[in-house]
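Hi everyone, thanks for coming.

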Number of protein chains: 2
Amino acid sequence: MDKVELADPAISEEDRLNRAFAALSDPLRRRIVARLAQGDATVNELAEPFSVTLQAVSKHLKVLEDAGLITRRREAQRRPCHLDPEALGRLTAWIEGYRQTVEERYERLDALLASQENQP
Amino acid sequence: MDKVELADPAISEEDRLNRAFAALSDPLRRRIVARLAQGDATVNELAEPFSVTLQAVSKHLKVLEDAGLITRRREAQRRPCHLDPEALGRLTAWIEGYRQTVEERYERLDALLASQENQP
DNA sequence: GATGTATTCAACCTCTAGGTTGATAAAGCG
DNA sequence: CGCTTTATCAACCTAGAGGTTGAATACATC
């Protein structure tokens, strides 16, 4: 049987959300995400615009990777990073689910108020 | 001149994102958000399902409030919490901006590859 | 095989997040 | 007014985040 390389099943959906939201709570990591949206980049390229050490950026990338937001391939000595849009999609799905629930409650409330105006 | 009660302008958009994503990175706070999507609730009501102290929940609510995700009104001794769907919307807007950038890059790449197949 | 380049590992430091307990504040109620 | 309910404040503890420096690994090149 092959070794499973994809998404560790021992990591729950809850953990994935924990890590992904935590990953995006750091401004440097958000800037990294913004950069990666433009296209893949190596650790050095990602570190260049910032005034922190390469090691710090390397740690940030590990956080993003553990959160499932980025993947990395090997290319000689380089480890180019790739932003996974599906992971971002899962986050918006979580948020939007609740946002829409609230919006729908508002609509139902509006409808109720409107119907009561007709029969005072 | 009236005292400004709404969104402290000293808090940058960056800070707002920091706090909002950090707020959602905690599983208990996400469950609180899920509960509030169903309707407003007091601190006691929110704390009831969980095995932590009331004080802990009170702290969590402060985090959510400082992140702008919830607002609170006064009702006798109670402080009912209200989930702000617009705050959630700002988060999805941030995420979706980058997710769509990536998706569009894919589409352009697909188009390029398709056009190259026609002229080998 | 020695050297250079890209990245990570390891040890360490400091600050904060999330939890606890105990005391305090504010508003209704007998 | 004293008592109860609801919620917060204050002090404390522990684990982890995010940063640093210095050493180690992995591949490419000379």
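I'll start with the DNA contacts and then turn to the salt bridges.

Quick housekeeping: this is a predicted model, so local features need pLDDT of at least 70 and side-chain atom pairs count only at pLDDT 80 or more, while totals for chains, interfaces and linings use all residues. Residues are numbered from 1 along each chain as its sequence is written, chains are lettered from A and ligands numbered from 1 in the order in which they are written, and side-chain values use heavy atoms, with hydrogens and water left out.

Okay, DNA strand D. How many residues surround it? There are 21, and the closest are A:Q55, A:K59, A:H60, B:N44 and B:S58. A residue counts as near the strand if one of its heavy atoms lies within 4 Å of it. By type, the residues of that surface split into 5 nonpolar, 9 polar and 7 charged. Here nonpolar covers Ala, Val, Leu, Ile, Met, Phe, Trp, Tyr, Cys and Pro, charged covers Asp, Glu, Lys and Arg, and polar is the others, Gly among them.

Helices are DSSP runs of H or I, at least four residues, numbered from the N terminus.

On to salt bridges, meaning a side-chain nitrogen of Lys or Arg within 4 Å of a carboxyl oxygen of Asp or Glu. Over all chains, the structure holds 18. One of them pairs A:R30 with B:E14, with the closest N and O atoms 3.9 Å apart. That pair crosses between chains, from helix 2 (residues 27-37) of chain A to helix 1 (residues 13-24) of chain B.

Buried or exposed, which is A:R30? It's buried, at 4% relative accessibility, whereas B:E14 is partly exposed at 39%. Buried means under 20% relative accessible area, exposed over 50%, and partly exposed in between, using a 1.4 Å probe and protein chains only.

Finally, B:E96 and B:R99 form a salt bridge at 2.8 Å. Both lie in helix 5 (residues 85-118) of chain B, 3 residues apart, and both are buried.

Terms used: Helices (H or I, at least four residues) and strands (E, at least two) are DSSP runs, numbered from the N terminus.
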